[in-house]
Amino acid sequence: MLPATFKLCAAISHQHLRNVTGLRRKAAVAISQELSKLSCHSPGPGTWINQVRRRSSLLSSRLEEKPFSEMEMSYIKQGEEALQKSLSILEDQDGWKTETMVRNGDKVLSKVLPDVGKVFRLEVVVDQPLDAVYSELVDNMEQMGDWNPNVKEVKILQRIGKDTVITHEKAAAAPGNIVGPRDFVSVRCSRRRGSTCVLAGMATQHRAMPQQDGFVRAENGPTCMVLRPLPGSPSQTKLTWLLSIDLKGWLPKSIIHQVLSQTQMDFANHLRQRLAQAGTC
């Protein structure tokens with residue numbers, strides 16, 4: 001899945017931009033301007049969000065890696081915007097309602113946003129250190145279908161630099177075929193800032209993956225997962241998952257909301273089992 005800084009433009013000096021030529025310079029300026037506009041509308045950040053948003057030389061380091069094409073820069077920008085929008089949603093603590101809560105503390109909350117619709121927020125604590133959770137969700141993302149029954153396949157279509165990937169995901173049909181097979185094409189970015197990791201993503205298009213027979217092309221986003229060590233217990237990880245999906249098709253909203261909420265709860269349980277098995281190998 002997929003974190004970056006918001007005030008990206010602050011990390012790029014005037015002198016550095018003067019040294020960037022052609023398309024790369026135009027792309028850097030465009031992204032800086034767009035992200036600057038977006039950040040002006042964001043409310044004051046909380047402690048950990050502020051940590052993620054602090055100044056970074058992210059874009060300048062990318063430009064030094066290799067000259068990105070216009071399309072690649074577009075995907076990078078999409079990933080940055082997905083991260084910013086997701087953190088802005090999580091940052092606003094008002095209006096969240098509890099959908100599900102179980103004895104171990106796992107809970108799913110939801111709220112309705114005017115421009116997005118209903119979004120869901122999973123909050124769980126995993127008895128594994130952050131690095132183990134991050135590795136499973138990012139480094140081993142293509143193996144998710146091996147341990148999560150709700151996922152049929154995750155395939156990386158393209159890598160862009162160190163932090164951005166384009167993926168194609170096939171979701172398994174819900175029990176009883178209440179919701180038929182869906183697939184997604186997503187841009188994902190992953191960032192680590194201090195003790196916080198953010199994995200963000202949103203729907204995109206890619207020429208290597210047109211719509212597939214037998215699947216309804218659904219759309220993610222913006223979505224993100226935030227990983228932080230549990231305060232006072234570095235061997236445990238607090239995981240927050242913001243889920244926003246348009247499943248498309250003719251489905252009653254009540255059924256969609258029930259499926260999404262249960263999907264998040266199931267994910268937490270399957271992730272725990274996977275990490276426990278990996279730890280015994």
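## A buried asparagine

N220 is buried, with a relative accessible area of 14%; buried means under 20% relative accessible area, exposed over 50%, and partly exposed in between (1.4 Å probe, protein chains only). The residue is found in strand 9 (residues 219-220). Its side chain makes polar contacts with the side chains of S186 (3.2 Å) and E169 (3.4 Å). A polar contact is a pair of N or O atoms within 3.5 Å; within protein, one must be able to donate a hydrogen and the other to accept it, and residues adjacent in sequence count only if both atoms are side-chain atoms.

With neighbours within four places in sequence left aside, N220 is also in contact with other residues, including F184, M202 and I245 (contact: heavy atoms within 4.5 Å).

## Basis of the model

The model is predicted: local features need pLDDT of at least 70 and side-chain atom pairs count only at pLDDT 80 or more, whereas totals for chains, interfaces and linings use all residues. Residues are numbered from 1 along each chain as its sequence is written, and side-chain values use heavy atoms, with hydrogens and water left out.

## Nonpolar cores

The largest nonpolar core has 36 residues, and L122, V133 and L239 are among those with the most contacts inside it. Such a core is a set of buried Ala, Val, Leu, Ile, Met, Phe, Trp, Tyr and Cys residues joined through side-chain atoms within 4.5 Å. A second, separate core of 14 residues includes L83, L87, V119 and A200.

## Chain totals

Of the 281 residues of the chain, 48% count as buried.

How values were computed
Helices (H or I, at least four residues) and strands (E, at least two) are DSSP runs, numbered from the N terminus.
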